Amino acid sequence: MKLRILLAAAFCLSAPAFSQEADVPPGELPVDPYVISNENAGAAPLPDEDLYEVFGGEAGVSRIVDDLVERSLNDPRIADIFAASDLVRLRRTLKEQFCFILAGPCDYTGMDMASSHKDHGITNREFNALVENLQHAMNAESVPFRAQNKLLAALAPMQRDVVTR
């Protein structure tokens, strides 16, 4: 009896941490349930408290992500990968991820990198094309080179979870 009570209590305590299909934001497609955690962002927030503002805060990060997605949709090297994505969800979770890693006031609610990329079959060449597009998007926003490198260094270890072939 005590075991059942403990299991029920453990389930109730852990239930809010799972994504639920009923909580799909407007304009997004449902995804399989997963545990929501900032650990899914793939990197800890960078220790530079001013970095988020160097990127232009919420508006700057939003423009960088929108530019990155548009460049990638128009890039024949990787357009097919992005065309098959839920672009509303992709933009939202990328903005959250960059904000979180840049030590902004955001939590990341997306999936972990391995789970979210497992079905894309991304190559190193495609990963590098995305990085180039991100660099162009940051240049267009006039993010200083040194600040760009801090974000790229935080994102680089994710390559092992993103590249699957």
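Contact here means heavy atoms within 4.5 Å. The legends below describe a predicted model.

**Figure 1. Overall architecture of the predicted protein chain.** The chain contains 9 helices and 0 strands, giving the sequence pattern α-α-α-α-α-α-α-α-α. Of its 165 residues, 38% are buried. When contacts between residues at least 6 apart in sequence are considered, 74% join residues at least 24 apart. The accessible surface amounts to about 9,800 Å², and carbon and sulfur atoms account for 57% of that area.

Figure 2. Serine 72 is counted as buried because its relative accessibility is 0%, under the 20% limit. Its side chain reaches the backbone oxygen of leucine 68 at 2.8 Å. A polar contact of 3.3 Å also connects the side chain of serine 72 with that of asparagine 133. Leaving aside residues up to four places away in sequence, serine 72 touches Ile78, Ala79, Phe82, Leu130 and Asn133.

**Figure 3. Helix α7 and its packing partners.** Helix α7 comprises 17 residues, 124-140. From first to last C-alpha the helix reaches 24 Å, close to the 24 Å expected at 1.5 Å a residue. The buried residues in α7 are Glu126, Phe127, Ala129, Asn133, Leu134, Ala137 and Met138. These buried residues pack against α3 (57-73), α4 (79-83), α5 (87-101), α8 (145-155) and α9 (159-162). Serine 142, which follows α7, has a positive phi, near 60 degrees.

**Figure 4. The disulfide between cysteine 99 and cysteine 106.** The count for the structure is 1 disulfide, with an S to S distance of 1.9 Å. The link is right-handed, with 80 degrees about the S-S bond. Cysteine 99 is buried, at 1% relative accessibility, whereas cysteine 106 is partly exposed, with a relative accessible area of 23%.

**Figure 5. Salt bridge between lysine 150 and aspartate 48.** A search of the whole structure finds 12 salt bridges. In this one, the side chains of lysine 150 and aspartate 48 meet at 3.0 Å, N to O. Lysine 150 belongs to helix α8 and aspartate 48 to the loop between α1 (2-14) and α2 (51-54), so the pair ties together parts that are 102 residues apart in sequence. Both partners are partly exposed, lysine 150 at 30% relative accessibility and aspartate 48 at 24%.

**Figure 6. Salt bridge between lysine 95 and aspartate 66.** The closest N and O atoms of lysine 95 and aspartate 66 are 3.1 Å apart. The pair links distant parts of the chain, with lysine 95 in helix α5 and aspartate 66 in helix α3, 29 residues apart. Lysine 95 is partly exposed at 23% relative accessibility, and aspartate 66 is likewise partly exposed, with a relative accessible area of 27%.

**Figure 7. Salt bridge between glutamate 96 and arginine 92 within helix α5.** The closest N and O atoms of this pair are 3.0 Å apart. Glutamate 96 and arginine 92 are 4 residues apart in α5, about one turn of the helix. Glutamate 96 is buried at 15% relative accessibility, whereas arginine 92 is partly exposed at 23%. Salt bridges with shared partners join Glu28, Arg89, Arg92 and Glu96 into one network.

Note on methods: Residues are numbered from 1 along each chain as its sequence is written. This is a predicted model: local features need pLDDT of at least 70, side-chain atom pairs count only at pLDDT 80 or more; totals for chains, interfaces and linings use all residues. Side-chain values use heavy atoms; hydrogens and water are left out. Helices (H or I, at least four residues) and strands (E, at least two) are DSSP runs, numbered from the N terminus. Buried means under 20% relative accessible area, exposed over 50%, partly exposed in between (1.4 Å probe, protein chains only). Accessible areas come from the Shrake-Rupley method with a 1.4 Å probe; for residues, only the protein chains shown count as cover. The expected span of a helix is 1.5 Å times one less than its number of residues. A disulfide is a pair of cysteine sulfur atoms within 2.5 Å. A polar contact is a pair of N or O atoms within 3.5 Å; within protein, one must be able to donate a hydrogen and the other to accept it, and residues adjacent in sequence count only if both atoms are side-chain atoms. A salt bridge is a side-chain nitrogen of Lys or Arg within 4 Å of a carboxyl oxygen of Asp or Glu.
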